[in-house]
Each structure stands twice: as C-alpha cells, then as structure tokens.
Amino acid sequence: MTLTPNDASPSNTSSKRDETRLFVFLIVFLFPILSVALVSGYGFIVWIVQMIFGPPGPA
C-alpha cells in the first residue's frame, strides 16, 4: 500500500493546526506568564535577602 498526497492531507492539516495552536499558546500565554514569574521571583529573593542582610551600600 502506498500513500498518496490525498491520504496524508487530513492529518497534515490537523498537525499544522495543532502546531499553530501550540505556537499561539506559547507566545500569548506561557512565555509572558513565565517572564512575570521569573522577574517577580527574583525581586522576591532580593527583597528577602535585603530584609536579612540589610540594603546594599556602605555600613
């Protein structure tokens, strides 16, 4: 049995649609959420360290 382009067309279209949906999800939702989480997590760590050791600068 050989596959013709017509046989692969429905799954190929579905695959492209799934890839497009995944791309939009990554760009619109996941990356911004991860960026905010990383920046706010870093700020929280700096805040906690400054509460323990004091602000930077001469004593």
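Q: How many aromatic pairs does a search of the whole structure find?
A: In this predicted model, a search of the whole structure finds two aromatic pairs.

Q: Why is the pair of F25 and F29 called tilted?
A: The ring centres of F25 and F29 lie 6.1 Å apart, and a pair needs centres within 6.5 Å. Their planes stand at 35 degrees, whereas under 30 degrees would count as stacked and over 60 as edge-to-face, so the pair is tilted.

Q: What separates F25 and F29 along helix α1?
A: F25 and F29 are separated by about one helical turn, because they are four residues apart in helix α1, which covers residues 5-53.

Q: Why does F29 count as partly exposed, rather than buried or exposed?
A: Buried means under 20% relative accessible area and exposed means over 50%; F29 has 47%, so it counts as partly exposed. F25, at 41%, is partly exposed as well.

Q: What makes F44 and W47 an aromatic pair that is tilted?
A: The distance is 5.7 Å centre to centre, with 55 degrees between the planes; these values fall within the 6.5 Å limit and between the cut-offs of 30 and 60 degrees, so F44 and W47 form a tilted pair. Both residues lie in helix α1, three residues apart, about one turn of the helix.

Q: How do you know that W47 is partly exposed?
A: W47 has a relative accessible area of 48%, which lies between the limits of 20% and 50%, so W47 is partly exposed.

How values were computed
Residues numbered from 1 in each chain as written. Predicted model: local features only at pLDDT ≥ 70, side-chain atom pairs only at ≥ 80, totals over all residues. Heavy atoms only, no water. Helix = DSSP H or I, 4+ residues; strand = E, 2+ residues; numbered from the N terminus. Buried < 20%, exposed > 50% of the residue type's maximum accessible area, 1.4 Å probe, protein only. Phe/Tyr/Trp six-rings, centres within 6.5 Å; stacked < 30°, edge-to-face > 60°.
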